[in-house]
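I opened the model to look up a few things. My notes follow in the order I took them.

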Amino acid sequence: MPEYTLRIRRFDPLSGEAAYWDEHFIEMEEHNSVLDGILKVKDEKDGSIGIRCSCQQGICGSCAVRINGKPGLACNTHLEEAAHRGHGVGWNPPAPDDTSSGEGLKLPEIMVEPMGNMPVIRDLIVDMDAVHWRKIQRVTPWLINREPVPEREYIVPHANMVDVTQPMSCIQCGACVSDCLSMEIDPLFIGPAALAKAYRFVGDPRDAQHRERLFDLAEDPHGIYDCTHCFNCVDACPKGVDPMNQIMRLRRIAGTDYDIEDRNNGYRHEHAFVKNIRRNGLLHESDLLADSYGGKFNPAAGRELVSSLPTGIKGLARRKMTPKTALMHPHKAPKPVSQTFDRIEGRDQRVELNLYVSGYEDDEPADETESEERR
Amino acid sequence: MPAYDVLIIGAGLAGQRAALAAAQTGATVGVVSKVHPVRSHSVAAAGGINAALNPEDSWESHAFDTVKGSDYLGDQDAIEIMCREAPDELLWLEHAGVTFHRDGTGHLGTRAFGGASAARTYYVADITGQAILHVLYEQLLKHHAQLDRYEEWFTTDLVVGDEGQCVGAICRDLRDGRLELINAKAVILASGGAGQVYRPTTNGLIVTGDGIAQACRVGAKLMDMEMVQYHPTTLSGNGLLITEGARGEGAWLLNAEGDRFMEEYAPNKLELASRDVVSRAEQTEIMEGRGFPDGTVALDVTKVPRRRTLEALREIVNIGRDFAGVDITREPIHIRPGNHYIMGGVKTDVDGQTTVPGLYAAGEVACVSVHGGNRLGANSLLDTLVFGRRSGESAARRALRMPMPSTPSACLTDTQRALAAILRRRGNGSRIGAIKKELGDTMNEYVAVFRDAEGLAKAHQIVRRLKEEAAGAAIDDHGSVFNQDVIAAIELSYMLEVAETIVIAAEERKESRGAQYRTDFPERNDADWLKHVDISLDGGPEPKVSYSPVTITRWQPEERTY
Ligand SMILES: Cc1cc2nc3c(=O)[nH]c(=O)nc-3n(C[C@H](O)[C@H](O)[C@H](O)COP(=O)(O)OP(=O)(O)OC[C@H]3O[C@@H](n4cnc5c(N)ncnc54)[C@H](O)[C@@H]3O)c2cc1C
Ligand code: SF4
Ligand code: SF4
């Protein structure tokens, strides 16, 4: 059986000591999970290692941690996969079979630490109430029934219920929250898991307050327009919830279906992007800001432009733009770009790919109407 | 000291449903759970929930299937209530927001399940338990003004007053180790099953039979403890469950020779016979040499259209991929019978009242008994909800009629002392993990699908020895913040007590019925054994056996074929 070095981040708030790394050697099968490894150490050597866990099958959401830098569930991450993850990136050690350091072959190393963006209570246990659950409560996380409530069930399309199964399959593990970049900068950001939860109601035809929910989330400066599209939550999520995509759907529904022009200018900013690409083919950053505020000659844009001068100067200094490109368009969109826009905008219904159901590399030629969820 | 009209221990489906019902009846409610409510093991329920909601279906048909499934050990008055109330309960869930999947017309959709004469299992893909549990939690958040939640609080003991009635519970806040006596006019146990007594099991690490042992300690009667369900399709090795929904959607069982062997054992219902029947069939195939070398047979999900599998059985696609390295949409997966559920538990009436006044029980911890000798798939979620609600309502009604009872003065210090004794232990005894492993292996060997007197006696002896060892098991953690070591020691003591009652009941019932198959008494014997085996401490230190009659209303016992 292969051997691994398991390094567990330990912290005991009562000891008065700082957090430290606790090293154990384990001999286990490659396909055993990181949780199996931790529990083996806990069972055989040290019962004081703190980690929440229960189902061991990736459904209860207890055991989210960071493993070699990446957040995820300890129970469905195989040791072998974990050992080869992220080596040589950032502070991670070189790959185990990399002998270039001259130290000889090291045991594959698996570092397990608590999730980020949440205070640590002890060892691998973080305070989810203080962050995650508070954010969930922020989005009015219950169905506000459409009236009248029918005597029997609401009659709603099967496709909608399959569609909301994606956010519904969130197990509230917090892995996405752990590494959300926006939340790192803005701790008040509602965040990926809670916004995915919000979509669960906005996508549910039985809910009566779609507009109110969307308005609230669009107007909140820490709401749907606070996400920076970093994809970390998509990578982190063990259940394919794809929180970023749920956020983007909230934006599309807010902006396009309900015409909510938020005070954060998120909606106009997004449209400015689309317009910008359609016109230039490439992102022309110096136009973006002005477009977001209604074009260069709009008084609001003037104010914003002045206030963003420092950013502009930085942009010039870093050669993201030159005085010339700031004023003129160096590039025109080639035909295929505008054709693509025409095709998509020409559809009578917006088509949303639901990767939850059709995301498998399907070799059966999928029928478009079946594999794509229509709104 | 916090005090409530109704205190609920456990926040799985039964506990949360009870909490909402009690609050709605006008009671003040506290809910204690040793894990965050959405981590409760109800989250793992995959396949669905039964209800005769379709106009073509009838509650009588559902009830008959349940009675037959129980091998006539279920109490028919309770089964009648469960099946009659199922449709309303399901609609309540739907209105609360559960995203049940629909049929082509937008009405609630169904899938077929084992032992059922109609497709009456309602589902959310194969995350039904999760979807319901999370929606109930949404409701708990919605009604936060009426409900106090004690999340990550561990109940160590029930507290009994001078007149023998339950007056509260002692709980430990896992975050800081603080002990609190919570006073209550009525206590509802909803702390789930005891799967961890076995190894492997489909149950999570937290499912350690706490409530069954706690109730037994304060004198409550247990019932049907010998009835432990082995699910036909679990992964070898780790014991993870492949939902019955797979067979409901059309998957086949094949032996190593490629034969669809259920044709032999249950020519009509095939893969969808009762679980006890299918598990015995598989075990027989394996023992007679027609299984695979790893002691398994195969489940062939490729019989289900691939798109349907991806849409409706996605979770087991993930389980196959992550935990067995098999793409179930393309190849059969090896499975075998594995520990899954305990039909027995704390004996209650149809309103959840146990034999201790003021103490109620609902869900897997309880035994009403609606499952008798064998539970039908998708009847457990229904049981947790219907009897969770009924207990919540009746506990609240009791509470609203009475003043707050006083609590015995010494109870908190007794528990404090017991905990301090555990904390004083050092690293020199046996390891908790090792005792637990031996217990699980023992139960899985001798108290499983097939049992006999000799094996049971051996198991009994081992469990007794382990009980002694456990009393001095090593403790590494002496702190107060999230001390999981101390909790594990307490849970181990519960598990061993539960294991002992299972073994005693299995030794007692000298016949084969439902999940209890005695190779030394291979026939069902209605003349002598159409009765429940009850177990209680009855004031002494050792569990004692007594009997109670099975309630039969309209379905007389018949021979059972599928
Ligand atoms: C893998 C799997 C799949 C299943 N699929 C189905 C299905 O498809 N259909 C079906 O009908 N049934 C199914 N079942 C059975 C069903 O899920 C369970 O029987 C049911 O969910 C039990 O619910 P419960 O509320 O009684 O207990 P649980 O959900 O187990 O909840 C127990 C609660 O008690 C708390 N608790 C326990 N001990 C303590 C303590 N000492 N102090 C404080 N709190 C405590 C826990 O924290 C938890 O909140 C399945 C079971 C498993 C294991
Ligand atoms: S994509 Fe958005 S929500 Fe997701 S992690 Fe990045 S910033 Fe956070
Ligand atoms: S969205 Fe995914 S990563 Fe985030 S809490 Fe839910 S399951 Fe976990």
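I count a contact when heavy atoms lie within 4.5 Å. This is a predicted model, where local features need pLDDT of at least 70, side-chain atom pairs count only at pLDDT 80 or more, and totals for chains, interfaces and linings use all residues. Residues are numbered from 1 along each chain as its sequence is written, chains are lettered from A and ligands numbered from 1 in the order in which they are written, and side-chain values use heavy atoms, with hydrogens and water left out.

**Interface of chains A and B**

I looked up the contact first. Chain B gives 66 residues to it and chain A gives 74. I then took the buried area (accessible area, 1.4 Å probe, that two parts lose on being put together, summed over both). The two chains bury about 6000 Å² between them, with 51% of it on carbon and sulfur atoms. On the chain B side, B:Arg39, B:Arg307 and B:Arg314 lose the most area to chain A, together 13% of what that side buries.

**Salt bridges**

My rule is a side-chain nitrogen of Lys or Arg within 4 Å of a carboxyl oxygen of Asp or Glu. It gives 74 salt bridges over all chains. How many cross the interface of chain B and chain A? The rule finds 7 there. I checked B:Glu152 with A:Arg52, a salt bridge at 2.7 Å, N to O. I also checked B:Glu94 with A:Arg206, where the closest N and O atoms are 2.8 Å apart. B:Glu94 sits in helix H3 (residues 76–96) of chain B, and A:Arg206 in the loop between helix H7 (192–202) and helix H8 (210–219) of chain A. Helices here are DSSP runs (H or I, at least four residues), numbered from the N terminus.

**Ligand shells**

I call a residue near a ligand if one of its heavy atoms lies within 4 Å. Which residues are closest to ligand 2? Of the 13 around it, they are A:Cys180, A:Ser182, A:Cys227, A:Cys230 and A:Cys233. Helix H9 (232–236) and helix H10 (243–257) of chain A each supply at least two residues of this shell. For classes, Ala, Val, Leu, Ile, Met, Phe, Trp, Tyr, Cys and Pro are nonpolar, Asp, Glu, Lys and Arg charged, and the others, Gly among them, polar. The ligand 2 shell has 9 nonpolar, 4 polar and no charged residues.

Ligand 3 has 13 residues around it, and A:Cys170, A:Cys173, A:Gly174, A:Cys176 and A:Cys237 come nearest. I noted 10 nonpolar, 2 polar and 1 charged in that shell.
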